[in-house]
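I opened this model to look up a few local features. My entries follow the structure.

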Amino acid sequence: MALVLIEDSPLEKSSIEQKVNRLCAQFLEGRIKADSRVLIKPHLHMAVPCHAAVNTHPLLVASVAKWCLVQGARVRIADFPVFDPVDTIARKGGYVDVLTELDLELKTFLAVDKVDLGGVFGKKPIAREALTSDLVINLPKLKTDTLVGLQMGVANMIGCLAAEERIHSLSQTPFDRTAWSDLLIAVCEAIRPSLTIVDAIVALEGHGPGMAGRPRKLELLVAGSNPYAVDKATAALVGFDPGKLLTCKRAKETGVFNGDLKVLGDFRITTDFARPVKDMAASRKSWTQRERKYFLQRPVADNRLCKLCSACWQSCPVKAISFSTKGIRIDAAKCIRCYQCFGLCPHKALEIKTPLAGRLKGF
Ligand code: SF4
Ligand code: SF4
């Protein structure tokens with residue numbers, strides 16, 4: 001049976017360090033030897049201040065790194081962000097100061113190896129460090145996400161898949177949220193992190209996973225060596241039914257995780273954690289162009305807020321976004337409702353709306 005530990009902690013360095021030391025000792029004691037190569041994989045979503053709660057908090061990353069360094073490990077901290085460069089995320093996100101103290105810095109994964117993920121996925125480029133390190137420590141941020149409901153431990157591992165391949169994969173699985181969840185699980189299985197600690201000290205509720213979400217203080221860390229068990233417990237903590245979250249559901253259906261877990265710690269359920277926009281596009285795997293255009297919810301730009309930063313059109317898997325000096329335009333017939341643009345817009349210039357004809361039809 002998989003063990004999940006919940007620790008409560010305010011957003012204070014000494015408290016986070018103390019709780020992290022306890023969690024790491026529980027799950028990793030004796031597993032890290034002098035010179036062990038440890039990869040810490042935070043969630044680096046975009047270059048914004050840490051109070052926006054879209055990235056793993058720097059204090060959690062630094063506390064885990066410090067514990068590993070004390071054990072004698074060689075530590076690397078890396079991710080493959082989709083759009084913003086890692087050094088910009090490090091600077092704006094408040095990582096530089098806390099990591100410089102430890103003589104560490106955030107890195108982008110440099111090399112990839114093709115790994116056969118099986119089934120329909122075939123060989124995909126995955127960060128070599130994630131595959132070859134002695135241990136991988138997974139540090140997701142608890143966030144809402146229109147595509148998968150909640151982002152937690154399993155979803156964070158997709159950041160080890162090369163960013164351009166992630167975008168390409170979205171275009172390969174349009175509207176098929178089950179296939180996307182299966183890919184998240186396949187990547188997680190290829191890496192098998194040794195420890196997952198979900199950063200729910202300040203989580204993101206509402207219209208996540210980007211700036212349209214709202215920071216929500218929960219003061220919790222949820223940890224375990226089985227990322228599926230950690231996700232199941234975390235989802236329940238914020239009032240989501242794990243049986244309805246596709247990553248949890250598919251992990252059980254595919255036999256990756258039988259669902260048995262034991263939770264220790266302060267299991268306080270937050271019942272009013274705000275949900276993301278309901279993903280009506282997920283109700284079917286195929287939509288005609290006409291249905292997409294006239295009925296289905298889609299990202300809509302408020303060009304008064306748009307700063308033409310290019311994050312949306314550069315990350316759109318099907319090139320459905322065009323731009324001019326007046327702002328951006330989204331081709332609703334082409335858009336596959338992957339919500340990448342929505343999650344990556346740093347200026348809250350995108351929202352998800354259902355056209356009137358769609359609302360009348362109940363979409
Ligand atoms: S809509 Fe947002 S992401 Fe797209 S260009 Fe404008 S500001 Fe950037
Ligand atoms: S416009 Fe946005 S939601 Fe539509 S396919 Fe492109 S990135 Fe995805």
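**Ligand shell**

I looked up ligand 1 and found 13 residues around it, the closest being Cys306, Cys309, Ala311, Cys312 and Cys345 (near: C-beta, placed from the backbone, within 6 Å). By class, this shell holds 10 nonpolar, 2 polar and 1 charged residues. Ala, Val, Leu, Ile, Met, Phe, Trp, Tyr, Cys and Pro count as nonpolar; Asp, Glu, Lys and Arg as charged; the others, Gly among them, as polar.

**Conventions**

This is a predicted model: local features need pLDDT of at least 70, side-chain atom pairs count only at pLDDT 80 or more, and totals for chains, interfaces and linings use all residues. Residues are numbered from 1 along each chain as its sequence is written, while chains are lettered from A and ligands numbered from 1 in the order in which they are written.

**Backbone**

I checked phi next. Most residues other than glycine have a negative phi, and most peptide bonds are trans. Aspartate 103 has a positive phi of about 60°. It sits in the loop between helix H4 (95–100) and strand S4 (106–108) (DSSP runs, numbered from the N terminus: helices H or I, at least four residues; strands E, at least two). Aspartate 103 counts as exposed because it has 9 C-beta neighbours inside 10 Å (C-beta atoms placed from the backbone; buried at 20 or more others within 10 Å, exposed at 12 or fewer, partly exposed in between).

Serine 310 also has a positive phi, about 85°. I place serine 310 in the loop between strand S13 (298–301) and helix H12 (311–315). Serine 310 is exposed, with 12 other C-beta atoms within 10 Å.

Last, I noted a cis peptide bond from glycine 208 to proline 209, omega near 15°. Proline 209 lies in the loop between strands S10 (195–206) and S11 (213–224).
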